[in-house]
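Colleague: I am new to this structure. Please show me how to read it, one feature at a time.

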Amino acid sequence: MLQQTFYSCVKQRSNAVNNTIETYRRRIAIAALHRMKRKTGGYCIVINHPKGEIQTVDINQDAMQKLLMRFENNARAEFGIEASEFLRQTYMNSLDINGHTEYLTETGKMIVDDLLGEIVTYARAQYKAGGTKQCQPSK
């Protein structure tokens, strides 16, 4: 009975941590899109290729959340069992509130910028391999 109670408490804690991660993932995605809108006036990344060609990659909330899930998978591979707590703390430190608006802290900016940099690297590799010239987020 005691062992069953222990596992029940551990499972509830795990669910609470996962809910926190999901909530912060959504909030970080929204804050990242607001930051993109303020900095660039839109929700797309412009990639310059050789020979003067330009490619745009549209980013929406779903795409940003998928990028953050990619970050989470990398963290889980690196940190193993401690990844959930690491992600929870990192995500909590990635946002701050200014009045009624949430914004990315330096930690959040670093994470989002690295993820967007991965998109640019991928798009350039696809271009060099003769792949598509227009990337769109999956629906």
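Modeller: Start with one residue. Arg 25 is buried, with a relative accessible area of 13%. The cut-off for buried is under 20%, so 13% puts Arg 25 in that class. Keep in mind that this is a predicted model.

Colleague: Where does Arg 25 sit, and which residues does Arg 25 touch?

Modeller: Arg 25 belongs to helix α1. Leave out residues up to four places away in sequence, and Arg 25 touches Gln 65, Leu 68, Met 69, Glu 72 and Tyr 91.

Colleague: Let us step back. How many helices and strands does the chain have?

Modeller: There are 4 helices and 4 strands. Read from the N terminus, the order is α-β-β-α-α-β-β-α. Of the 139 residues, 32% count as buried.

Colleague: What share of the contacts join residues at least 24 apart?

Modeller: Take the contacts between residues at least 6 apart in sequence. Of these, 61% join residues at least 24 apart.

Colleague: Now helix pairs. How are two packed helices described?

Modeller: Two packed helices are described by the angle between their axes and the distance between the axes. Here, take helix α2 (residues 61–79) and helix α4 (residues 106–128). Their axes come within 10 Å and cross at roughly 100°. Therefore α2 is roughly perpendicular to α4.

Colleague: Which residues of α2 and α4 meet?

Modeller: From α2 come Met 64, Leu 67, Leu 68, Arg 70 and Phe 71. From α4 come Ile 111, Val 112, Leu 115, Leu 116, Glu 118 and Ile 119. By class, the contact has 9 nonpolar residues, no polar ones and 2 charged ones.

Colleague: Pick one from that list. Is Leu 115 buried or exposed?

Modeller: Leu 115 counts as buried, because its relative accessibility is 3%. Leu 115 is part of helix α4. Set aside the neighbours within four places in sequence, and Leu 115 is in contact with Leu 67, Leu 68 and Phe 71.

Colleague: Last, pockets. How much space lies in the second largest pocket?

Modeller: To read a pocket, ask for its volume, then its lining. The second largest pocket holds about 180 Å³ of space. The lining is Arg 35, Met 36, Lys 39, Thr 40, Cys 44, Ile 45, Asp 113 and Leu 116.

Colleague: Which elements supply the lining of the second largest pocket?

Modeller: α1 (2–40), β1 (44–48) and α4 each supply at least two residues. The largest share, 4 residues, comes from α1.

Colleague: What classes of residue are in the lining of the second largest pocket?

Modeller: The lining has 4 nonpolar, 1 polar and 3 charged residues. Leu 116 is one of the lining residues, and Leu 116 is also among the α4 residues that meet α2.

Definitions and conventions: Residues numbered from 1 in each chain as written. Predicted model: local features only at pLDDT ≥ 70, side-chain atom pairs only at ≥ 80, totals over all residues. Heavy atoms only, no water. Axes fitted to C-alpha atoms, helices over the stretch in contact; angles between N-to-C directions. Parallel < 35°, antiparallel > 145°, perpendicular 65-115°, else oblique. Contact = heavy atoms within 4.5 Å. Nonpolar A, V, L, I, M, F, W, Y, C, P; charged D, E, K, R; others polar. 1 Å grid on protein atoms, 1.4 Å probe; cavity = no way out; pocket = protein on both sides within 12 Å on 5 of 7 lines; lining within 4 Å. Points joined across faces, edges and corners; volume = space filled by probe spheres on them. Buried < 20%, exposed > 50% of the residue type's maximum accessible area, 1.4 Å probe, protein only.
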